[in-house]
Amino acid sequence: MSDTYAIQFNGAGKSFDSFRLGPIDLRVEPGVVVAVVGPNGSGKTTLFQMLLNIVQPDEGVIRIFGEAYGQREVEIKRRIGYVPDSSYAEEAGWRIDELVRFYSHWYPAWSPETWRSLSERFELDPKAKVSLLSKGMKRRLAFSMAVAQSPDLLVLDEPSSGLDPFAWRIMLDEIRQFMADGERTVLIATHTIEEVRRLADYVAFLYDGKLLDYRVKDTLIDDWKTLWIEAAFEEAAELPGVVDVELGPLTRLTSDRASETERALEEAGIAVAKRQQVELDEMLHHMIVAEKRKQAASGRTEGELHR
Ligand SMILES: Nc1ncnc2c1ncn2[C@@H]1O[C@H](COP(=O)(O)OP(=O)(O)OP(=O)(O)O)[C@@H](O)[C@H]1O
């Protein structure tokens, strides 16, 4: 057994009536920020809930810091700071200071200094009633409490949803500070591409319960390129890496293996007039299109087999 990884999903999956997540295979080393991106309903929250053992996988194994849940659930959970996608139970009319007193009791590594600093930065009034806080203030509170736990792993499910731009900047800054000691790990589900760009070391693309890709962000940015060529090159779609072609006065190619595409163009004697980075949301769009095609093709194949 290895505790090299902060997180290991080994073939982990969960089926609901009309949705199946997985099987997911994913290994996350400590000291990195992983952004999990995917459209609504792709399974991000379910993935995180499996990680927290709120939802139990019906296949495969999940290890956190090398350990599987079981007898050690409390010890493992003490090392995880979790900001769920919706606000947690608003404990019977409690004020923030009462909630914090109760909550901090469960976390031996709770840092009063971190809590003080974060609650000040986020302007959380200790006497305010939790149930009366606005959506954004509840997100500020949930985030601050998760970080004040001093966890080794921070799991953030769309933490910026409802945050104003000012609070959003503070959150990004706090995540960077949290990462500063080099050993801590962050998993963040987000629809905000700017967050991925600014924070992530790795990107996990999720669609329809499947992990489509998991890669170092900088590699993705190097691999994916939009290229413009001056020829109306009908066969461009056949070139290695090309996922999309738009013919026009300049032909526009999108490639997920840009260097291979460029090599093939060079061999065909076609010059590249312009290159541009592909945005992460566009990458996801192309991955989804490819996955849908694959699913349609395998549906056809199964249909043919059953005929
Ligand atoms: N307890 C459950 N019972 C049945 N279906 C469920 C349950 N929990 C989640 N699902 C289904 O799993 C699918 C994935 O939901 P999930 O909340 O994980 O997606 P998501 O990627 O987090 O979406 P969003 O971006 O909208 O937050 C949905 O179709 C949802 O209805």
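Eight residues of domain 1 are in contact with seven residues of domain 2, where "in contact" means that the C-beta atoms of two residues, placed from the backbone, lie within 7 Å. On the domain 1 side of this meeting place, α7 (193-199), β9 (202-207) and β10 (210-216) each supply at least two residues. The largest share, three residues, comes from β9. Sorted by class, that side has seven nonpolar, no polar and one charged residues. Here Ala, Val, Leu, Ile, Met, Phe, Trp, Tyr, Cys and Pro count as nonpolar, Asp, Glu, Lys and Arg as charged, and the others, Gly among them, as polar.

Before going on, keep in mind that this is a predicted model: local features need pLDDT of at least 70, side-chain atom pairs count only at pLDDT 80 or more, and totals for chains, interfaces and linings use all residues. Residues are numbered from 1 along each chain as its sequence is written.

Now step back to the whole chain. The protein chain is divided into domain 1 (7-219) and domain 2 (224-305), with bounds that come from an automatic or database domain assignment. The centres of the two domains, taken over C-alpha atoms, are 35 Å apart. Along the principal axes, the C-alpha atoms of the protein chain fill a box of roughly 70 × 50 × 35 Å. The chain holds ten helices and 14 strands; these are DSSP runs numbered from the N terminus, with helices being H or I over at least four residues and strands being E over at least two.

How much of the chain is buried? Of its 307 residues, buried ones make up 34%. A residue is buried if 20 or more other C-beta atoms lie within 10 Å of its own, exposed if 12 or fewer, and partly exposed in between, with C-beta atoms placed from the backbone. In soluble globular proteins, nonpolar side chains tend to be buried together. The largest nonpolar core here has 71 residues, and V34, A35, V36, V155, I188, V203 and A204 touch the most other members. Such a core is a set of buried Ala, Val, Leu, Ile, Met, Phe, Trp, Tyr and Cys residues joined through C-beta atoms within 7 Å. Helix α5 (residues 135-148) gives the largest share of this core, eight residues. Because domain 1 (7-219) and domain 2 (224-305) both give residues to the core, it lies between them. Take V203 as an example: setting aside neighbours within four places in sequence, V203 is in contact with A35, V37, V196, R215, K217, L220 and L280.

Let's move to the start of the chain. There you can find an open sheet of four strands in the order β2-β1-β4-β5, with antiparallel pairing; two strands pair if DSSP finds at least two bridges between them. The edge strands are β2 and β5 (67-68), each pairing on one side only. Strands β1 (residues 7-15) and β2 (residues 20-28) run antiparallel and are joined by six bridges. They form a hairpin with four residues between them, and S15 stands opposite R20 in β2. On the other pairing, β1 meets strand β4 (residues 59-64) over five bridges, again in the antiparallel sense. There, I7 has I64 in β4 as its bridge partner.

L21 counts as buried because it has 26 C-beta neighbours inside 10 Å. Leaving out residues up to four places away in sequence, L21 touches G13, K14, G43, T46, L47 and G209.

The buried ones are K44, T46, L47, F48, Q49, M50 and L51. M50 has 24 other C-beta atoms within 10 Å, and touches A12, K14, V55, P57 and I62, not counting residues up to four places away in sequence. Just after α1, N53 takes a positive phi of about 60°.

Finally, which residues surround the ligand? They are F16, D17, F19, G38, N40, G41, S42, G43, K44, T45, T46 and D85, each counted as near if its C-beta atom, placed from the backbone, lies within 6 Å. By class, this shell has two nonpolar, seven polar and three charged residues.
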